[in-house]
Amino acid sequence: MDIEPGELTVGQLSQRSGVAISALHFYERQGLIVSRRTSGNQRRYKRDTLRRVALVRIAQRVGIPLAEVAAILKLLPENRTPTRADWERISECWQAELDRRILHLEQLRDDFKDCVGCGCLSLDRCALANPHDTLATTGPGPRRLLTADDAPCHPAHCA
């Protein structure tokens, strides 16, 4: 069968990861995972590919583009199984971005029903929170939800 200890067939990887075989082939074409080919041209995956596939799925769930996932995965070693320290290092790369995403989701959940901070004057509350559209002088977009450098902020912490 030309399978080495610790390797998985594409079917085994699919079953264990919960990802369709066609998606695994796509991930491989995108450089997210790698396989070796047997003498019969069948794919064989190292067992640590399961962790890579899990990372891809989780990243997709929170909207991280596959190009960013591929860039992060390139930080992992190719010739050895990644260690806990390797995974911690790539986790740190996303920390600030994930914090920003969480903040944006909290803003959408908590603040959108009352005010999107845009200075639109379309809600009855805008006349109190932004009389005469004074926020327009600070720039375009949802001013109450952006800092001076257009980074998100929590309305309770922004002027």
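Q: Which strand and helices each supply at least two residues of the lining of the largest pocket?

A: This is a predicted model. In it, strand 3 (43–46), helix 3 (49–61) and helix 4 (66–73) each contribute at least two residues to that lining. Strand 3 gives the largest share, 3 residues.

Q: How many residues line the largest pocket, and which are the closest to its centre?

A: The space in the largest pocket is about 390 Å³. Its lining has 22 residues, and Ile 33, Val 34, Arg 52, Pro 77 and Glu 78 are the closest to the centre.

Q: How many residues of the lining are nonpolar, polar and charged?

A: The lining of the largest pocket comprises 9 nonpolar, 4 polar and 9 charged residues.

Q: What describes two packed helices?

A: The general idea is that a packed pair is described by the angle between the two axes and by the distance between them. In this structure, the axes of helix 1 (residues 10–17) and helix 2 (residues 21–29) come within 9 Å and cross at roughly 105°. Helix 1 is therefore roughly perpendicular to helix 2.

Q: Which residues of helix 1 and helix 2 meet, and of what class are they?

A: From helix 1, Val 10, Gly 11, Leu 13, Ser 14 and Ser 17 meet Ile 21, Leu 24 and His 25 of helix 2. By class, this contact has 4 nonpolar, 4 polar and no charged residues.

Q: In what order do the strands form the sheet?

A: In general, side chains in a regular strand alternate between the two faces of the sheet. Here, 3 strands form an open sheet in the order 1-3-2, with antiparallel pairing. Strand 1 (7–9) and strand 2 (36–37) are at the edges with a single partner strand each, so one side of each has no neighbour in the sheet.

Q: How many bridges join strand 3 to strand 1, and how many join strand 3 to strand 2?

A: Strand 1 is joined to strand 3 by 3 bridges, and Leu 8 stands opposite Tyr 45 in strand 3. Strand 2 is joined to strand 3 by 2 bridges, and Arg 36 stands opposite Arg 44 in strand 3.

Q: Which residue takes a positive phi in the hairpin of strand 2 and strand 3?

A: Asn 41 does, with a phi near 65°, in a hairpin that has 5 residues between the strands.

Methods: Residues are numbered from 1 along each chain as its sequence is written. This is a predicted model: local features need pLDDT of at least 70, side-chain atom pairs count only at pLDDT 80 or more; totals for chains, interfaces and linings use all residues. Side-chain values use heavy atoms; hydrogens and water are left out. On a 1 Å grid over the protein atoms alone, a cavity is a set of points where a 1.4 Å probe fits but cannot get out, and a pocket is an open set with protein on both sides within 12 Å along at least five of seven lines; lining residues have an atom within 4 Å of a point. Grid points are joined across faces, edges and corners, and a volume is the space filled by probe spheres set on the points. Helices (H or I, at least four residues) and strands (E, at least two) are DSSP runs, numbered from the N terminus. Ala, Val, Leu, Ile, Met, Phe, Trp, Tyr, Cys and Pro count as nonpolar, Asp, Glu, Lys and Arg as charged, and the others, Gly among them, as polar. Axes are lines fitted to C-alpha atoms, for helices over the stretch in contact, and angles run from 0 to 180 degrees between N-to-C directions. Angles under 35 degrees count as roughly parallel, over 145 as roughly antiparallel, 65 to 115 as roughly perpendicular and the rest as oblique. Contact means heavy atoms within 4.5 Å. Two strands pair if DSSP finds at least two bridges between them.
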